[in-house]
Amino acid sequence: MKKFRRTVAGLLVGTMLLSMAGCGSPDPDDYEYGKSLEQLTEEEVVIAGGGTGGSSGGGLLNPGSLSGDPKEFEGDFEPVQYSDTENKEFEEFILQEFKDSVTADTLSYNFTVLDGSKYGIEAPSPATLGDADMSEQAILDGIEETKENYEKLIAFEGQPMTEEEYFTYIVLKDDYERTMFQNENYLFYEPFSPMRGFQANIGTNFAEYRFDDKTDVEDYIAMMNQLPDYVSHICEYENYRVEKGYGMQDAACDDVIEQCETFVEDPENNFLIKEFDSKIDNLDFLTDEEKADFKAQDKEAVLNGIIPCMNMIKDCVAANKGKATVEGGLCEYENGKEYYQKYILPHFAGTSRDVEDIIDMFETRYSDAFTQMSMMYLSNADAYNFMVDNMDTLFANTDNMKVDDIINKLMSDEMGEYPKLENIPYKSDYLSPAMETILDSTLAYYMSPAIDDEEHNIIRVNGSHTDGIYVTLAHEGCPGHMYQNAYFQSTNPKPIRAIADYMGYQEGWAVYTSFNTLKTYDFEGTEDDEIVGQLYRLNDELGYMLYGRVDIGVNYEGWSVQDVADYMNESGFSGEYAEELFNTVVGDPGVYLSYSLSEYLMEELREKTETALGDKFDPVEFHRVILTAGPCQFEELEFKLREYIYEQQ
């Protein structure tokens, strides 16, 4: 989803043009085990599992219990006294913040609202990509503007507010404070990073642009023609970063150059031309003559707009290759560790916990997961061997199903633990071959509709990654991203909340719920479905934890490639992939924490709530609290759960 305001003028590209409302889910099986459990001797399994206990019939462990001790909320809870009437001044403030955000550029407006008149706004005219000025003065002006808005926000501290207003206030306050810290350290922002960069996402944003009327089509082409000037400013900013010693390292440069070359290799048949032509053909408000004219204009705009932009980016990155002043993660830079703790971790994982505590958690969690797999091997070797022998075909009975059929099956079979919601309208499709390559690390993604439009939920699937598509679509569709977004929108939240971007919450929910579908999956060829599902989940969690722990190791602790290789070998993975993983987390720090750490934090909240409520725990109501709270930090989510628990006791 989209950031709800600019941070500084120069970071607009990071808050709008890269604002895909979905995810590029990492494949936790990308890195092979150095020694998988089926190769262990019985003695080694006994050591890992702590004994040979368990019956031959199963011994399925609680998938959430990855710690030997029960988790409990710490400290006493103090309830907040809410007002019965709305704070008029606060309502005006957050509405104005919303208006300023969605009218800053035409892409923001198109992706955020269907009918702006409902909110007292109109689409920007003429169409614009936004302020692309990335000069030092523009950045300083943006920083000052953010500080001024923050001062306006905290002026409401202690004023009477309704429950929804109060929660909106604490969410905004936390986000503002994190944003201001990012602004002060803006040189860490890399606009061309391999996974999150402009070149990796701009094509998707244009491909998903919504055409509601003729003006939308005209605006689309106008923005496409504005791209060269816009990108030139970004390249100037990138050159400035390089001069200051913050240039991309060579491996990341190579990835970006390859992405750009893939994008431009066949300009006349670029996927954006084909996507545009297909959409135009289905617009009944255009005449045949208008359609032909717009197709010609679009092709010219692609050839003279976005294609030159990709070449400009390629040339910029190629010219700066070899100019990096450090080799390694963020901690190699001055203030890099602080930036990782205060911005990367809360932005991508949704928590402000101390990094050292998270390191301990990863180590303990990894050991517990490995122990559980070992014990399950001892208690039911047949189930374990079935999973190992059929790893590539475990989901064969759904891998060949149509995407819509899988999503509908998930809606029908896997929603018992979640609040009921009427049918969610959606469309699904596969990425174009060109985008499959550009988004190679993306299994699928979900695009949320405008906040006043429930009809245009979109799921795109990378056709080159179809193994295990059932779990992928549970992540992107139901009960994952699409369901979460649709439910939150059904609560009619404040507009400013509906467009906020909290990757930790969103990805934590999607991974957590997709894992839950493994409890009931019918694996063909075995009667031990539940155990196989649990083993598969633990196997995936080990992969996710590898990504997360290495990300911290490289970017916070200063691990080298050899350190990564040693850790992988010691953890049961093959160290031959160490350099590839090292380069990934250096190029896009923190991105995998959204999956590995956030899923654990979501699971931890469930375990704490179960411990607090005992027999009163209801998974449907637990999930209702999570969903109604909406995207936020985990500390804020814990507050809402403790409030719920207080009311139940």
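Lys-494 has a relative accessibility of 9% and therefore counts as buried, a term that stands for under 20% relative accessible area, with exposed meaning over 50% and partly exposed the range in between (1.4 Å probe, protein chains only). The model is predicted, so local features need pLDDT of at least 70 and side-chain atom pairs count only at pLDDT 80 or more, while totals for chains, interfaces and linings use all residues. Residues are numbered from 1 along each chain as its sequence is written, and side-chain values use heavy atoms, with hydrogens and water left out.

Lys-494 sits in the loop between α19 (481-490) and α20 (495-498). Helices (H or I, at least four residues) and strands (E, at least two) are DSSP runs, numbered from the N terminus. Not counting residues up to four places away in sequence, Lys-494 touches Glu-86, Glu-91, Ile-94, Glu-164, Glu-165 and Thr-168; contact here means heavy atoms within 4.5 Å.

One of these partners, Glu-91, belongs to helix α3 (residues 88-102). Its relative accessibility is 18%, so Glu-91 counts as buried. The side chains of Glu-91 and Lys-494 are joined by a polar contact of 2.7 Å. Such a contact is a pair of N or O atoms within 3.5 Å; within protein, one must be able to donate a hydrogen and the other to accept it, and residues adjacent in sequence count only if both atoms are side-chain atoms. With neighbours within four places in sequence left aside, Glu-91 is in contact with Glu-86, Glu-165 and Lys-494.

Another part of the chain holds a sheet. Three strands form it in the order β1-β3-β2; the sheet is open and its pairing is mixed. At its edges are β1 and β2 (444-447), each pairing on one side only. Two strands pair if DSSP finds at least two bridges between them. On average, neighbouring strands of this sheet are turned by 15 degrees against each other, direction ignored. β1 and β3 (residues 457-461) run parallel and are joined by five bridges. Ser-428 has Ile-459 in β3 as its bridge partner.

Helix α16 lies across β1 and β3 and runs at about 140 degrees to β1. Axes are lines fitted to C-alpha atoms, for helices over the stretch in contact, and angles run from 0 to 180 degrees between N-to-C directions. The loop between α16 (403-413) and β1 (426-430) contains Glu-422. At 70% relative accessibility, this residue, Glu-422, counts as exposed.
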